Amino acid sequence: MHKVIYDTDPGVDDAMALLFLHRHPEIDLVGITTVFGNASVETTTRNALFLKREWNITAPVAKGASVTIDPARAEREWPAMVHGDNGLGDIEVPHTIDLPLDPRPAHRFIIDTVRAHPGEVRLVAVGRMTNLALALKEDPDIASLVKDVVIMGGNFYVPGNVSPVAEANIHGDPEAADIVMTAPWKVAVIGLDVTSITTMSRSYLGAMAAEGDGAVKLLDALSQSYIDFYKHAVEDGMMVHDSCAAVYVVAPDLFETITGTLRVVCGGIADGQTVVKPNGRHFPPGDWDGLPSQVVCTGIESEKVLELIRDTLLRA
């Protein structure tokens, strides 16, 4: 079993990944931590509690960061055109959910859970990396106790989606992402190089909803406006960004990877750009020296990933 803390900002594609993590038989979802990004942290936390309630998820929810790790950064507008004003495709969601939150802030929940299960916990982070960076800042030693970190974010050999060079999660808090990618723990980055070519059509999701239970039908409903948004890039479908990271946890063999040291550009016109120095390439001394080697996904078996998502979500 893979013990997973899911760090998320629900978010439509976050919701699909959550249901995958909840239903896959080899995953023990031990916690859900929320962060600002697709909406305010108040909204993303409410959404996490809503999905927890609707899908009978037992994992605790801990509310996380509401601002970037560098307080000097100005907050950008929430991407309502992507995920809706309420973060879940503007389906009807109650303003409040009558479920308790874990009393600890998300970064403290991460620290405590990792220390309770040394060497076992996998952090699956599909939003801004602020909670993970805060956990490292408060307790740097957890880096040696985390099994690994699986990130949905970044882009290396393809363009970005919020600027020519930057992906949204990394662009939202570049300083936090640089802290996480250069820390002495194992990191696998599942970015736009693979997620932008892994698309689920409206009819594919609809067929799943027709066959599946209420949870899958809810997922289908909240995904409709997200699919509408993607009409500029996908023919009547959506990119399943966060679910690709969830799939990597149990099926890394479906991905092609390279290894190397990673940095994130913080500031300037390339703000949020992720850069890999591949192992075996030699350059003059620079800012990649002495850093841990990490994994970057560069290829994916998209059809098999979609099949695994479908098969897992249909496990009632």
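Is Tyr248 buried or exposed? Tyr248 is buried, with a relative accessible area of 10%. The model is a predicted one, and the points below should be read with that in mind.

1. **Overall dimensions.** The protein chain has 316 residues and a radius of gyration of 18 Å. A compact globule with 316 residues would come out near 20 Å, so the chain agrees with that expectation. Along the principal axes, the C-alpha atoms fill a box of roughly 55 × 45 × 40 Å.

2. **Secondary structure and contacts.** The protein chain holds 12 helices and 11 strands. Take the contacts with a separation of 6 or more: 81% of them join residues 24 or more positions apart.

3. **Burial and surface.** Of the 316 residues, 59% count as buried. The accessible surface of the protein chain is about 12700 Å². Carbon and sulfur atoms account for 53% of that surface.

4. **Charge.** There are 25 positive side chains and 43 negative ones in the protein chain. The centres of the two sets lie 4 Å apart.

5. **Aromatic pairs.** The count of aromatic pairs comes to 4. One of them joins Tyr226 and Tyr230, with 5.1 Å centre to centre. The planes of Tyr226 and Tyr230 stand at 85°, and the pair is edge-to-face. Tyr226 and Tyr230 are both buried. Ring pairs also bring in Phe229, linking Tyr226, Phe229 and Tyr230 into a cluster.

6. **The Tyr248 pair.** What is the geometry of the rings of Tyr248 and Phe255? Their centres are 5.3 Å apart. Their planes meet at 70°, which is over the 60 degrees needed, so this pair is edge-to-face. Phe255 has 7% relative accessibility, so Phe255 counts as buried. Tyr248, at 10%, is buried as well. The cut-off for both is under 20% relative accessible area.

7. **His83 and its surroundings.** His83 sits in helix α3, which covers residues 80–83. His83 has a relative accessible area of 4%, so it is buried. Which residues touch His83, leaving aside neighbours within four places in sequence? The contacts are Gly11, Val12, Asp13, Asp14, Asn38, Leu88, Gly89, Asp90 and Tyr226.

8. **A cis peptide bond.** The peptide bond from Pro10 to Gly11 is cis, and omega is near -10°. Gly11 is in the loop between β1 (2–8) and α1 (12–23).

9. **Positive phi at Asn56.** Asn56 is not a glycine, yet its phi is positive, at about 55°. Where does Asn56 lie? Asn56 is in the loop between α2 (41–54) and β3 (61–62). Its relative accessibility is 63%, so Asn56 counts as exposed.

10. **Positive phi at Asp236.** Asp236, also a residue other than glycine, has a positive phi near 50°. Its place is the loop between α10 (214–229) and β8 (237–239). Asp236 has 42% relative accessibility, so it counts as partly exposed. The partly exposed class runs between the buried limit of 20% and the exposed limit of 50%.

How values were computed. Residues numbered from 1 in each chain as written. Predicted model: local features only at pLDDT ≥ 70, side-chain atom pairs only at ≥ 80, totals over all residues. Heavy atoms only, no water. Helix = DSSP H or I, 4+ residues; strand = E, 2+ residues; numbered from the N terminus. Rg over C-alpha atoms; globule rule 2.2 N^0.38 Å. Buried < 20%, exposed > 50% of the residue type's maximum accessible area, 1.4 Å probe, protein only. Contact = heavy atoms within 4.5 Å. Areas by Shrake-Rupley, 256 points an atom, 1.4 Å probe, with all protein chains shown as cover. Lys, Arg positive; Asp, Glu negative; His and termini not counted. Charge placed at Lys NZ, Arg CZ, Asp CG, Glu CD. Phe/Tyr/Trp six-rings, centres within 6.5 Å; stacked < 30°, edge-to-face > 60°.
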